[in-house]
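Hello,

Here is the structure I promised to pass on. Have a look first, and my notes follow below.

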Amino acid sequence: MKHPLNNDLSHHILPNSATMVGVCIMVISIVKSQPSGMVGYVIDKALAVDSLLFTISALLSFLSIRLERSTIGLERWAEVLFIIGLVSMTVIALIFSFEIV
C-alpha cells in the first residue's frame, strides 16, 4: 500500500484531538457535580485515560506536521490512538447513559 508523502491526516487529527480533550474535561466536571457513586468513579477515571489518549494523539500529529523527516509512523500512531479514544468515549457514553456499572 502506497502512503501519501504529505501529512494531511495530521492536520485533521490535531484540532479534533484537542477538542476531544476539552470534551472529556467537560464531562468529567459534569460527572463530578453529580452525587458520588461507582458509576461516577468509573466514568471519571475512564475519561481521564481517554483524555490522555487524545492528548498523545494530538502531540503525535503535531510532531508529524512539524518534523521534516518522514513521519508516516507518527501519523499512523496518532490515528490509531484517536480511533481508540473515540471508541472508548462511545463505550463510556453507553455506560454513563444506561448506568451499566
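Let me start with Pro15, which lies in helix α1, residues 8-33. Helices here are DSSP runs of H or I with at least four residues, strands are runs of E with at least two, and both are numbered from the N terminus. Please keep in mind that this is a predicted model, where local features need pLDDT of at least 70, side-chain atom pairs count only at pLDDT 80 or more, and totals for chains, interfaces and linings use all residues. Residues are numbered from 1 along each chain as its sequence is written, and side-chain values use heavy atoms, without hydrogens and water.

Pro15 counts as partly exposed because its relative accessibility is 41%; the class runs between buried (under 20%) and exposed (over 50%), with a 1.4 Å probe and protein chains only.

Ser61 sits in helix α2, residues 38-66, and is buried, with a relative accessible area of 0%. Beyond its neighbours within four places in sequence, Ser61 is in contact (heavy atoms within 4.5 Å) with Ser10, Ile13, Leu14 and Ala78. The Ser61 side chain also reaches the backbone oxygen of Ala58 at 2.9 Å.

As for annotation, an unreviewed UniProt entry places "transmembrane region" at residues 12-31, 46-65 and 77-98; the positions follow the numbering used here, feature names are shortened, and annotations may be inferred rather than shown by experiment. In the model, residues 12-31 are 100% helix and 0% strand, with end C-alpha atoms 29 Å apart. Residues 77-98 are 100% helix and 0% strand, with end C-alpha atoms 32 Å apart.

Best wishes

Conventions
Polar contact = N/O pair within 3.5 Å; in protein donor to acceptor, adjacent residues only side chain to side chain.
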